[in-house]
Amino acid sequence: MACHSFPAVVVVVVLVSCLLAPPGVTASSVNISTYWGTNSAEGSIEDACNTSLYSIVNIGFVYKFGNGQTPVLNLSGHCNPSVQGCTYLGSEIRDCQQKGIKVLISIGGPTGDYNLTSQDDVTNLANYLWNTYLGGSTLDRPLGNATLDGVDFFIEESTTKYWDVLAETLRNLSNNGTSQIELSATPKCHHPDKYLGAAIQTGLFDYVQVRFYNESCCQYDGSFDAMKSEWNEWIADDKVHKVFVGVTASTKEEGYVDAHSLINNFLTDAVNSTKFGGVMVWYRYTDHNSEYSEKIKAWNSLVQTTTPTLVVS
């Protein structure tokens, strides 16, 4: 898959772990993020949170929106959001949040029918996300009475326009509302990203989860050279504060790297950067089957799930 050059990025986040880490766990502990809702065999979101592996769970995906379409959430057979069949998830999500785990709604995804073609598309999607999952209100809240912590932008198709405007609109809704939200961007590994580069430049995203897989120019290919090169590009940007290393837990996907190899050849150096935010493991189903996150968490007893927190400046 080809890589493209686009403008630089801005991220504002700080990792707070010193105060939360138990005795014997250092402040360099690693946050782990994952995606839930992409495979009906992955277990419940409550199960995912009860593992104590994750500090962030992204629910995905709102895979259809834009071009005048009514946004649609797809949870891959877990339940049917369109007929209020997923409202029971509200209590599970709140249980996750009570454990200190951030739960975000993710838009886009690897496949879908999404695009933003106008300001009207932006306004409609922002209002839908705010009222349906965040601090707004509507009679149709498919995830019950849970209020999610933010929005993740997982965009890898459509045009490059309006994602920055969407981020600004969501942040304005949050600033004018009763609750603050987190914004996450999950771009491909080439810096800057083709689709989200301009959006990340707004400085409104709390952290970036860089996908170092399914992108031939910067994924693991038997060597870490390309991966390290792009990692250095992300952390060298003086406007990027925290970056998650995004990896796949599936051996069938391009760019897969064994957890122990990742630890020994990449993470041991990456954690020394003040811009290291954690690891994003794609996705809960394959992570559960491979125990990928468990291997990272066990690494040198350094891993403790804590939560990235927005710095207001």
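This note goes through the salt bridges of the structure above and then turns to one threonine.

1. The model is predicted, so that local features need pLDDT of at least 70 and side-chain atom pairs count only at pLDDT 80 or more, while totals for chains, interfaces and linings use all residues. Residues are numbered from 1 along each chain as its sequence is written, and side-chain values use heavy atoms, with hydrogens and water left out.

2. A search of the whole structure finds 4 salt bridges, a salt bridge being a side-chain nitrogen of Lys or Arg within 4 Å of a carboxyl oxygen of Asp or Glu. Helices (H or I, at least four residues) and strands (E, at least two) are DSSP runs, numbered from the N terminus.

3. The two partners can be described by their accessibility, where buried means under 20% relative accessible area, exposed over 50%, and partly exposed in between (1.4 Å probe, protein chains only). K102 counts as partly exposed because its relative accessibility is 24%, whereas E182, at 8%, counts as buried.

4. R171 forms a salt bridge with D206, and the closest N and O atoms of this pair are 3.4 Å apart. The link again joins distant parts of the chain, with R171 in helix 4 (residues 163-176) and D206, 35 residues apart from it, in the loop between helix 5 (197-200) and strand 9 (207-211). R171 counts as buried at 7% relative accessibility, and D206 counts as buried at 0%.

5. E215 forms a salt bridge with K188, with the closest N and O atoms 4.0 Å apart. E215 sits in the loop between strand 9 and helix 6 (225-236), and K188 in the loop between strand 8 and helix 5, so placed that the pair links distant parts of the chain, 27 residues apart. Relative accessibility is 4% for E215, which counts as buried, and 13% for K188, which also counts as buried.

6. T132 belongs to helix 3 (residues 119-133) and, at 8% relative accessibility, counts as buried. Its side chain reaches the backbone oxygen of Y128 at 2.6 Å. Once neighbours within four places in sequence are left aside, T132 is in contact (heavy atoms within 4.5 Å) with N127, T138, D140, R141 and P142.

Notes:
A polar contact is a pair of N or O atoms within 3.5 Å; within protein, one must be able to donate a hydrogen and the other to accept it, and residues adjacent in sequence count only if both atoms are side-chain atoms.
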